[in-house]
Amino acid sequence: MSKETNLVSRREFLKDAGLVVGGATVGSAALLSACKNNGKSGSVTKYVCPLDSKEFDSLQALKDHYASAHEGVALPDFKTLNINGVDYSLIINDYWSLAWVLRETLGLYGTKVGCDMGQCGACTVIVDDKPMYACLLFACEMEGKKIRTVEGLADYGNKLNKVQQAFHDANATQCGFCTSGFLMAAQALIERNSSPSEDEVRHALSGHLCMCQNFKKTIEAVVAAGGK
Amino acid sequence: MALPEMKVMGLGTPGNDKIRSFFMDDLLTGKPRFVGDRHFAGQLYAVAKHATVDHANITKIDASEALKVPGVVKVLTYDTNPEWARTAPILYKTVPFYGAPIALIIATDWYIAQRAVNLVKVDYEVLPAVIKTTDVMADDEAMTRDTSAPLSGRFADSNFQSSGVTNRGDVDAALKSAAYTRTISDMPWTTRYQHQPLEQYEALAYWSGDEVYVYIASQNIHGHHRSLHNWTGIPLNKLHVYSPGCGGGLGTRLNNPEALMAVFASKEVDGRPVLYKCTKKHSMLFGGRQFDARSVITIGCDKDGKLVALDVKYVCNGYGAGITPIFSKTLTIPNMRYEGTRLYLNDQDRCAWRCVNDPPTGYHFTHALDLVAEDLNMRPDEIRLKNIMGEHDVDQDSGLPFGTKEVNACLDKVLQESGFASKWHKPGTKKLADGRLHGIGVHCHHDSHGRIAGSDRATIVLMLQDGTAAVLDGGSAPHNQMTEQAIVAAEVLGLKIDDVKTPVYGNSDATLNGGMHGGSSFTGSTGGATMKAAEQCRKQVFEAACKNATFSAVNAKPEDLDSKDSVIFLKRDPSVKATFAAICSSALNPIGGIGHGWNNVDADGTGGLQRPKDGFEVGHNTEMGSACADVCEVAVDPETGEVEILEHWNAVGTGRVIYTDGVLQQMGSGTELQVNMALYYGDIKDIPTGNIIGTQYTESQMITTLDCNPSRYHLYPIEGDNHTGPLGAHGIGEPCVGGYCCILSAIYNAIGKWVDTDHGACNPDRVLKALGKA
């Protein structure tokens with residue numbers, strides 16, 4: 001049987017271990033390299049070729065493989081992304097979206113991809129305090145930005161934050177696939193307007209689709225989170 | 001009706017409204033892993049190339065350029081299909097509809113696969129295509145064809161999928177002698193509605209030797225297990241199917257070809273894990289179409305508006321249900337004839353709207369009744385009240401009792417709450433102070449959702465040593481429906497809801513068949529299984545309790561005991577008590593039960609009475625379903641055509657409510673859907689063929705929070721005691737579909753014209769056209 005590799009959150013693992021883990025451990029077809037956890041560099045365990053998922057113990061070995069197996073294809077550069085307050089140094093293919101890197105490289109699957117073309121809002125993350133569609137952002141252009149995902153709203157196992165608790169109280173999820181996106185948009189709204197009106201909430205959430213059409217309870221939740 | 005007191009279930013039970021989906025807090029913290037969130041070592045990604053013609057033979061597929069893209073591992077086509085896949089709906093040789101999958105590209109990441117799709121070249125031999133239902137209807141021979149002949153399937157020569165005739169009484173004689181008759185033949189085609197779950201269609205599979213592991217978003221996990229076995233011949237014990245969650249079911253997750261595609265793809269790459277994932281564009285092409293429908297209706301009444309006869313000719317494409325249930329299970333009509341036809345077209349036939357059955361047919365029903373009422377100088381509510389079936393009426397064709405018949409109570413509720421009788425006016429005669437036209441409409445019907453079907457369904461309930469219960473059934477995720485099952489178990493066992501868990505779900509290896517989750521049959525059928533399993537556990541717990549010192553000291557017998565809030569107590573002296581934890585931790589034998597689904601189930605899905613009703617004995621077959629009624633008040637701007645919903649009242653017959661907030665969610669979201677369908681929805685069409693080619697949410701003009709005014713929706717669950725369902729419950733399904741019909745009726749009341757909804761919503765352009773201003 002194949003080993004499923006991300007049953008435990010990778011973010012959680014990385015946070016605890018302070019290490020970088022590559023494809024052999026996480027099974028990612030992506031290439032993940034040296035990680036800095038709050039400024040402390042971790043050590044690399046594996047390098048994985050993003051094109052064929054072959055694993056190597058050193059960067060040089062990967063480079064050699066790349067040169068021979070994928071002649072003419074340039075090895076991408078290292079980029080450092082700040083996700084939920086943690087710096088990750090990654091090798092990112094230039095065509096990868098931020099949503100792809102969050103999910104497939106870092107294992108932050110709380111960010112969902114519904115349409116992958118900037119229409120449904122399920123992939124919304126907060127970039128420098130603004131809600132943005134992660135499916136439309138190139139990950140390689142995210143250096144220097146502070147990115148927050150749904151996993152960063154409350155620590156695992158701990159108390160829900162104000163917006164999450166309001167969603168709970170209002171029963172504002174149905175199938176839940178859109179929930180992360182709505183939460184991030186709501187969080188960004190509450191941070192810039194601590195007590196939004198219903199109309200302001202409806203405008204702030206209008207870039208999101210809920211195909212279960214659970215808008216009523218979502219709007220109620222965000223208004224309640226602001227206390228109006 | 002007075003309902004018996006419950007411990008956990010029901011609208012009136014304290015605390016029931018605080019129960020939340022068991023999935024809730026995980027969802028709020030980003031923890032749940034849907035199919036696309038799974039990742040295995042060495043995983044590959046597959047994307048399909050989809051046909052760009054409506055009907056054609058594929059003469060050549062050239063994948064050479066695609067195979068040169070770094071990261072592309074393999075390209076599969078019909079010619080590489082394994083033998084077992086040749087009859088399965090995966091990669092087509094003959095294109096049956098625009099968007100059909102014809103090649104599969106497997107690559108190391110999803111973007112590479114998508115890029116390579118564009119490099120696959122396809123040559124077609126284009127064949128004549130039938131896209132419009134009207135093209136078939138215009139063919140007299142087709143419309144008069146002998147409808148009793150069996151059809152051989154999707155790609156047979158005939159465009160007929162099925163057809164049928166039902167007769168009750170003597171329609172011709174009744175129409176001849178009726179004081180009033182009217183034939184309505186200019187009924188507009190109703191909206192074809194596209195509704196897609198947000199989670200893309202996808203499946204993940206890998207092989208380990210001759211064993212196959214499959215992850216799919218499923219509304220019928222054991223059904224998928226069986227159908228994959230039937231398609232591929234893989235033994236059931238070597239086929240492991242998991243459904244870790246479902247990002248929107250909406251009836252689209254019942255028969256997923258994606259699973260077959262992933263199994264096929266993985267096999268072709270030596271068993272490596274493959275995630276087959278539709279792009280949203282392809283998801284929209286591949287499925288998610290509501291059918292369109294048209295009918296010709298002749299109604300006969302006496303001079304007071306009492307219906308004496310109904311004659312209906314009805315045609316639709318795809319899976320559309322007939323109009324019969326709407327009329328025949330809602331109104332008393334002594335003479336009725338129905339001729340219905342379903343057609344296959346070179347068009348997607350996978351309907352995915354929430355409630356695929358009723359909005360178009362419901363609209364025809366509303367339209368016809370409103371016109372007849374107007375002719376007879378009656379209000380729309382009056383003709384309904386005069387003809388609506390009563391709570392104790394039996395089905396007019398089968399003579400069977402209904403588990404519950406709530407349509408009358410629903411209609412009464414919305415009429416009363418809205419003040420309909422005092423607000424209604426003759427069409428096109430009332431202006432608001434701001435110059436807009438005022439309108440109000442009503443709709444009610446009994447629909448086929450909420451049935452109880454599937455005696456093969458089963459649930460396991462185990463008591464753990466800490467006194468908590470574990471519910472194990474074949475549901476796909478602890479969404480509302482699994483939460484319902486936990487509530488049923490808590491009710492029967494007398495446990496606090498927090499002491500019931502659903503630790504295993506969506507797992508063909510470790511659960512019994514929980515049945516299909518679409519159409520609300522899960523609530524009644526699997527709920528019955530859960531109830532029986534919990535009853536077995538309760539019996540064993542009480543037997544164990546009688547051996548415990550607390551109860552043995554008073555010589556208690558199991559029948560002397562009761563339980564509530566996770567405490568077992570002596571009925572005659574509640575101060576003699578013990579916790580479930582105390583009893584279960586000291587029990588000598590494991591405590592568990594396996595409950596079977598409801599028996600006495602007919603092939604057509606009707607259930608058997610579990611309690612006597614109106615003289616019918618336990619076990620007697622019943623007609624099932626649920627009911628709704630809506631009133632909507634609108635304002636229409638005659639200059640711009642804009643429609644504003646001022647207030648909307650929706651009442652739904654729920655049976656015994658299991659999970660209060662789940663019911664309110666379903667009703668609220670159903671009402672919003674109706675607003676979307678009535679006022680906003682649009683499509684992009686290919687002009688020459690008439691085919692719908694829109695592939696984006698924006699093109700379909702899906703509703704957002706800006707279009708939604710929750711404070712204007714008034715929701716009324718009408719509880720009833722269903723004599724067939726577990727503890728009086730039945731599914732509520734999508735009974736809010738009356739909203740669409742009601743809104744269109746209200747617009748008619750405002751402007752005095754029926755808006756032509758030919759495959760579209762009542763948008764401003766159409767309203768202006770109806771007003772002669774376009």
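Modeller: Fine. Keep in mind that this is a predicted model. Over all chains, the structure holds 33 salt bridges.

Colleague: Pick one inside chain B. What do the side chains of Asp395(B) and Lys329(B) do?

Modeller: They meet in a salt bridge, with N to O at 2.7 Å. Asp395(B) lies in the loop between helix H12 (380–387) and helix H13 (407–418) of chain B, and Lys329(B) lies in the loop between helix H10 (324–328) and strand S15 (335–343) of chain B, so the pair ties together parts that are 66 residues apart in sequence.

Colleague: Are Asp395(B) and Lys329(B) buried or exposed?

Modeller: Both Asp395(B) and Lys329(B) are buried.

Colleague: And what does Arg611(B) form a salt bridge with?

Modeller: Its partner is Asp721(B), and the closest N and O atoms are 2.6 Å apart. This pair links distant parts of the chain, 110 residues apart. Arg611(B) is in the loop between strand S23 (591–596) and strand S24 (626–636) of chain B, while Asp721(B) is in the loop between strand S26 (713–718) and helix H21 (738–751) of chain B.

Colleague: How accessible are the two ends? Start with Arg611(B).

Modeller: Arg611(B) has a relative accessible area of 30%, so it is partly exposed. Asp721(B) has 13% relative accessibility and therefore counts as buried.

Colleague: Which residues are linked in a network of salt bridges?

Modeller: Asp434(B), Arg436(B), Glu644(B) and Arg712(B). Within that group, Asp434(B) forms a salt bridge with Arg436(B), and the closest N and O atoms are 2.9 Å apart. Arg436(B) counts as buried because its relative accessibility is 19%, and the cut-off for buried is under 20%.

Colleague: On to the interface. How many residues of chain B are in contact with chain A?

Modeller: 76 residues of chain B, which touch 71 residues of chain A. The area buried between the two chains is about 6100 Å², and carbon and sulfur atoms give 56% of that.

Colleague: Which three residues of chain B supply more of its buried area than any other three?

Modeller: Leu28(B), His39(B) and Leu198(B), which supply 13% of the area that chain B buries against chain A.

Colleague: How many salt bridges are there between chain B and chain A?

Modeller: Three. One of them joins Asp661(B) to Lys217(A), with the closest N and O atoms 3.5 Å apart. Polar contacts across the interface come to 30 residue pairs.

Colleague: Which element gives the most to the side of chain B that touches chain A?

Modeller: H19(B), with nine residues. Helix H19 (660–680) is among the elements that give two or more residues to that side, and the others include helix H1 (24–28), strand S9 (202–208) and strand S10 (211–216) of chain B. By type, the residues on that side divide into 30 nonpolar, 30 polar and 16 charged.

Colleague: Step back to chain B as a whole. How many helices and strands does it have?

Modeller: Chain B has 22 helices and 26 strands. Of its 774 residues, 63% are buried. Its accessible surface comes to about 26200 Å², and 50% of that belongs to carbon and sulfur atoms. For contacts in chain B between residues at least 6 apart in sequence, 79% join residues at least 24 apart.

Colleague: Where is Ala2(B) found?

Modeller: In the segment before H1 of chain B. Ala2(B) has 76% relative accessibility, so it counts as exposed. Ala2(B) and Glu719(B) are 717 residues apart in sequence, yet 9.7 Å apart in space, C-alpha to C-alpha.

Colleague: Backbone next. What is phi of Gln213(A) near?

Modeller: Near 60°, a positive value in a residue other than glycine. Most residues other than glycine have a negative phi. Gln213(A) is in the loop between helix H7 (198–204) and helix H8 (215–226) of chain A. At 1% relative accessibility, Gln213(A) counts as buried.

Colleague: What about phi of Asp270(B)?

Modeller: Phi of Asp270(B) is also positive and near 60°. Asp270(B) is in the loop between helix H8 (257–268) and strand S12 (274–277) of chain B.

Colleague: Is Asp270(B) buried or exposed?

Modeller: Asp270(B) counts as exposed, because its relative accessibility is 77%.

Methods
Residues numbered from 1 in each chain as written. Chains lettered and ligands numbered in written order. Predicted model: local features only at pLDDT ≥ 70, side-chain atom pairs only at ≥ 80, totals over all residues. Heavy atoms only, no water. Contact = heavy atoms within 4.5 Å. Buried area = accessible area lost by both parts, 1.4 Å probe. Salt bridge = Lys/Arg side-chain N within 4 Å of Asp/Glu carboxyl O. Polar contact = N/O pair within 3.5 Å; in protein donor to acceptor, adjacent residues only side chain to side chain. Helix = DSSP H or I, 4+ residues; strand = E, 2+ residues; numbered from the N terminus. Nonpolar A, V, L, I, M, F, W, Y, C, P; charged D, E, K, R; others polar. Buried < 20%, exposed > 50% of the residue type's maximum accessible area, 1.4 Å probe, protein only. Areas by Shrake-Rupley, 256 points an atom, 1.4 Å probe, with all protein chains shown as cover.
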